[in-house]
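Please walk through this protein model with me.

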Amino acid sequence: MQDVEQYLLSLQQKICDTLSLYEDGATFRDDRWTRPAGGGGKSCVLENGKVFEKVGVNFSHVHGNALPASATAARPELAGYAFDAMGLSVIIHPLNPYVPTTHCNVRFFLATHADHTPIWWFGGGFDLTPYYGFVEDCIHWHTVAKQACAPFGDDWHARFKAWCDTYFYIKHRQEARGIGGLFFDDLGLNEGSFEQCFGFMRSVGDHFLPAYLPIIDRRKNINYGEAEKAFQQYRRGRYVEFNLIYDRGTLFGLQSGGRTESILVSLPPQVTWRYDWQPTPGTEEAALTDYFLQPRDWCQLKA
């Protein structure tokens, strides 16, 4: 577990250092916290930057005597197990509406019981939530995701891309949250050695910045106005709805007595809801749901 923790902390530092290069005034606030029931973490938060409106890069390592309901819902046989959980969660809400929001999470769980063999698994992934779509960006994002999976199995990318599309689906809206990426969970329960699964988690974490930074560089200086900003804030409402209703990490954190400020740092700073609003057909705003949020094999397309 020490190797996993060291990797997560080093990735946190690398992400913060890299994103700081885009800002000449705003800096990360380093907020260390403890959990009364056991464990703690370090939240690094940047707000009101020239490129990033809000960034949260949060490490947590918590433990307890019983897994919360969100962790045992799909694993009822683990009810009553003690747990040790650590992870790094990254959420980036850019200022410019033409730069997508993104999220990355990598995590490790250890469940123990006096009468049973310890059980461990890895989870995580990364996904992209654009407001204004660009085919070139989508192809790049998914190509890097595929590269992260390539050393581990011929079907790993297809499996975890499909799982991402399914997981980040807003059921009550009947639409995807974004263009997907990778999502995996329970890795190690039924396949793979610890070394292989840990290696895959590291590969996902290490490919996150190469997937996202070129998109920032291409889009951060595009001119925009009030209409584009209003659309960004409207679409952010979908992000809030998913995180508060469906997201496993949010539910686990709240149910396990985690630090609320750190858990909800994933929410955007400004968001709006409009009653029954629909974009005008044929516009860039309409293209988001009509084309970009539809599942497709982006790696097979040409920019």
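What follows covers helix packing first, then a few residues and their surroundings.

This is a predicted model: local features need pLDDT of at least 70, side-chain atom pairs count only at pLDDT 80 or more, and totals for chains, interfaces and linings use all residues. Residues are numbered from 1 along each chain as its sequence is written, and side-chain values use heavy atoms, with hydrogens and water left out.

Helices and strands here are DSSP runs, numbered from the N terminus; a helix (H or I) has at least four residues and a strand (E) at least two. Two packed helices are described by the angle between their axes and the distance between the axes. The axes are lines fitted to C-alpha atoms, for helices over the stretch in contact, and the angles run from 0 to 180 degrees between N-to-C directions.

Begin with helix H5, residues 194-219. Helix H3 (residues 135-149) packs against H5 at an angle of about 165°, and their axes are 8 Å apart. H3 is therefore roughly antiparallel to H5. Angles under 35 degrees count as roughly parallel, over 145 as roughly antiparallel, 65 to 115 as roughly perpendicular and the rest as oblique. The crossing of H3 past H5 is right-handed. A crossing is right-handed if the near helix is turned clockwise from the far one by less than a right angle, and left-handed if anticlockwise. On the H3 side, the contact includes His140, Trp141 and Val144. On the H5 side, Phe208, Ala211 and Ile215 are among the residues involved. Contact means heavy atoms within 4.5 Å. The residues of this H3 and H5 contact divide into eleven nonpolar, four polar and four charged. Ala, Val, Leu, Ile, Met, Phe, Trp, Tyr, Cys and Pro count as nonpolar, Asp, Glu, Lys and Arg as charged, and the others, Gly among them, as polar.

Is Ile215 buried or exposed? Ile215 counts as buried, at 0% relative accessibility. Buried means under 20% relative accessible area, exposed over 50% and partly exposed in between (1.4 Å probe, protein chains only). Leaving aside neighbours within four places in sequence, Ile215 is in contact with Pro100, Leu128, Asp137, His140 and Trp141. Ile215 and His140 are 75 residues apart along the chain, yet their C-alpha atoms are separated by 8.4 Å.

Helix H1 (residues 2-20) also packs with H5, at an angle of about 5° and with axes 11 Å apart. H1 is therefore roughly parallel to H5. Leu8, Leu11 and Ile15 are among the H1 residues in this contact, and Phe198, Met201 and Leu209 are among those from H5. The residues of the H1 and H5 contact divide into twelve nonpolar, two polar and four charged.

H3 has another partner, helix H4 (residues 156-167). Their angle is about 130°, with axes 8 Å apart. H3 and H4 are therefore oblique to each other. H3 passes H4 in a right-handed crossing. Here His142, Ala145, Lys146 and Cys149 of H3 meet Trp156, His157 and Lys161 of H4. The residues of that contact divide into three nonpolar, two polar and two charged.

Next, the loops. Arg177 lies between strand S8 (175-176) and strand S9 (180-187). Arg177 is buried, with a relative accessible area of 3%. Which side chains make polar contacts with the side chain of Arg177? One is Asp127, at 2.7 Å, and another is Tyr239, at 3.4 Å. A polar contact is a pair of N or O atoms within 3.5 Å; within protein, one must be able to donate a hydrogen and the other to accept it, and residues adjacent in sequence count only if both atoms are side-chain atoms. Beyond neighbours within four places in sequence, the contacts of Arg177 also include His103, Phe168 and Leu293.

Most residues other than glycine have a negative phi. Asn48 has a positive phi, near 60°. Asn48 lies in the loop between strand S2 (39-47) and strand S3 (52-64), and is exposed at 68% relative accessibility. Asp276 has a positive phi too, of about 50°. Asp276 is in the loop between helix H8 (260-263) and helix H9 (284-292), and is exposed at 60% relative accessible area.
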